Amino acid sequence: MDSFYKNKYRWLGFTFAITSVLILSSANVTTQWIGWTLSVIACMMWVYFGYKDKDWPRALMEFMYLILSMRATYNWLLI
């Protein structure tokens with residue numbers, strides 16, 4: 001049963017990541033902050049998964065992207 005929930009949350013993180021890319025790759029500037037916010041959520045999830053799996057390179061890569069996504073969200077909200 002733990003495996004089911006583990007994979008369920010990973011699929012949810014993947015869905016957030018794909019949705020954020022779809023929003024960010026659109027030409028609609030007014031929704032860019034939503035895409036970056038979803039990216040922050042997805043990155044937080046994947047940093048946690050990397051930490052739990054002791055997959056440090058993936059966790060650090062996602063952490064770097066998390067910081068940059070937070071910066072981008074902040075910048076879009078200031079515009």
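Going along the sequence, the protein reads α-α-α, with 3 helices and 0 strands in total. Helices here are DSSP runs of H or I with at least four residues, strands are E runs of at least two, and both are numbered from the N terminus. This is a predicted model, where local features need pLDDT of at least 70, side-chain atom pairs count only at pLDDT 80 or more, and totals for chains, interfaces and linings use all residues. Residues are numbered from 1 along each chain as its sequence is written, and side-chain values use heavy atoms, leaving out hydrogens and water.

**Overall build**
- Along the principal axes, the C-alpha atoms fill a box of roughly 45 × 20 × 15 Å.
- Out of 79 residues, 30% count as buried (under 20% relative accessible area, with a 1.4 Å probe and protein chains only).
- Take the contacts (heavy atoms within 4.5 Å) between residues at least 6 apart in sequence: 56% of them join residues at least 24 apart.

**Surface**
- Carbon and sulfur atoms hold 73% of the accessible surface, which comes to about 5700 Å² (Shrake-Rupley method, 1.4 Å probe).

**Around D53**
- D53 sits in helix α2, which covers residues 32–53.
- With a relative accessible area of 32%, D53 is partly exposed, meaning between the 20% limit for buried and the 50% limit for exposed.
- The side chains of D53 and R58 are joined by a polar contact of 3.0 Å (a pair of N or O atoms within 3.5 Å; within protein, one must be able to donate a hydrogen and the other to accept it, and residues adjacent in sequence count only if both atoms are side-chain atoms).
- R71 is 18 residues from D53 along the chain, and their C-alpha atoms are separated by 27 Å.
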